[in-house]
Amino acid sequence: MKRLFIYYTNTGSGDTVSKYLQEKNFDIRKVETTYKLSKHMLFAMMKGGFDALKKKNAELVNYDNNISEYDEVFIGSPIWNGRLTPPINSVLKETNLENKKVVFVLYSGGGQAKKAEKVISSLYPNAQVVNLKQPSKYKEELEKLNNYFK
């Protein structure tokens, strides 16, 4: 069984999840965008949160949407303004997840993402969702992922 983790990160939480899943034999695809958010956290949150609220997409750099060889696809996203990030919106638009086991890995300061979960369940009713609270700070949160693969 082949597994893939596709993710976006702005603060490093996604990289922490990526390293953990790589140790569990996942292939990894980190999503990069043509734009960079401000290094100033307040400005980054305002811009990113507004774009997420508007359900915007982002222009991706060299994104490979071919997932045909994978049985399971985990998709990692920070939560901005309670929603998925524009880069992950683009991944979802460009990637055919049909006939795949899909697990969304959401990382946020509070560890909950009810708005994002609602959107995910409407678009992907069979997908599972795991919420992680700041996995780069709370490493024990990563153990929650073990419930979603064998």
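These legends describe close-up views of a predicted model.

**View 1**
The chain holds 4 helices and 5 strands. Along the sequence they follow the pattern β-α-β-α-β-α-β-α-β. Of the 150 residues, 49% count as buried. The chain exposes about 8400 Å², and carbon and sulfur atoms supply 47% of that area. Look also at contacts between residues at least 6 apart in sequence: 73% of them join residues at least 24 apart.

**View 1. Five strands form an open sheet.**
The 5 strands take the order β2-β1-β3-β4-β5, and their pairing is parallel. β2 (27-30) and β5 (128-133) stand at the edges. Each has a single partner strand, so one side of each lacks a neighbour in the sheet. From one strand to the next, the twist averages 20°. As a general point, strands of a sheet pair through backbone hydrogen bonds, either parallel or antiparallel.

**View 2. β3 and β4 run side by side.**
Strand β3 (residues 72-78) and strand β4 (residues 101-108) are parallel, joined by 7 bridges. Ile75 stands opposite Phe104 in β4. Helix α4 (residues 114-123) packs on the sheet and touches β4 and β5. The direction of α4 makes about 165° with that of β4.

The buried residues are Pro86, Pro87, Ile88, Asn89, Ser90, Val91 and Leu92. α3 lies across β1 (3-7), β3 and β4. Its direction is at about 155° to β3.

**View 3. Aromatic rings pair up.**
The count comes to 5 aromatic pairs. One of them joins Phe5 and Tyr7. Their rings are stacked, 5.0 Å centre to centre, with 5° between the planes. Phe5 and Tyr7 are both buried. Phe26 and Phe74 form an edge-to-face pair, 4.9 Å centre to centre, with 75° between the planes. Phe26 lies in the loop between α1 (13-23) and β2, while Phe74 is in strand β3, so this pair ties together parts 48 residues apart in sequence. Phe26 is buried, and so is Phe74. Phe26, Phe74 and Phe149 form one aromatic cluster.

The chain has 7 salt bridges by count. One of them joins Arg3 and Glu72, whose closest N and O atoms are 2.9 Å apart. Arg3 lies in strand β1 and Glu72 in strand β3, so the pair ties together parts 69 residues apart in sequence. Both Arg3 and Glu72 are buried.

Asp15 and Lys30 meet through their side chains in a salt bridge (3.1 Å, N to O). Asp15 belongs to helix α1 and Lys30 to strand β2, 15 residues apart. Asp15 is partly exposed, with a relative accessible area of 21%. Lys30 is partly exposed too, at 38%. Arg29 and Asp64 also meet in a salt bridge (3.6 Å, N to O). Arg29 is in strand β2, and Asp64 is in the loop between α2 (41-53) and β3, 35 residues apart. Arg29 has a relative accessible area of 15%, so it counts as buried. Asp64, at 39%, is partly exposed. Salt bridges that share partners join Lys2, Asp27 and Glu69 into one network.

**View 4. Two residues have a positive phi.**
Asn99 has a phi near 65°, a positive value in a residue other than glycine. Asn99 is found in the loop between α3 and β4. Its relative accessibility is 76%, so Asn99 counts as exposed. Gln134 is not a glycine either, yet its phi is positive, about 35°. Gln134 lies in the segment after β5. At 27% relative accessibility, Gln134 counts as partly exposed.

Lys144 sits in the segment after β5. Leaving aside neighbours within four places in sequence, Lys144 is in contact with Val130, Asn131 and Leu132. Lys144 and Leu132 are 12 residues apart along the chain, and their C-alpha atoms are separated by 7.8 Å. Lys144 has 33% relative accessibility, so it counts as partly exposed.

How values were computed
Residues are numbered from 1 along each chain as its sequence is written. This is a predicted model: local features need pLDDT of at least 70, side-chain atom pairs count only at pLDDT 80 or more; totals for chains, interfaces and linings use all residues. Side-chain values use heavy atoms; hydrogens and water are left out. Buried means under 20% relative accessible area, exposed over 50%, partly exposed in between (1.4 Å probe, protein chains only). Two strands pair if DSSP finds at least two bridges between them. Axes are lines fitted to C-alpha atoms, for helices over the stretch in contact, and angles run from 0 to 180 degrees between N-to-C directions. Contact means heavy atoms within 4.5 Å. Accessible areas come from the Shrake-Rupley method with a 1.4 Å probe; for residues, only the protein chains shown count as cover. Rings of Phe, Tyr and Trp (its six-membered ring) pair if their centres lie within 6.5 Å; planes under 30 degrees apart count as stacked, over 60 as edge-to-face and the rest as tilted. A salt bridge is a side-chain nitrogen of Lys or Arg within 4 Å of a carboxyl oxygen of Asp or Glu.
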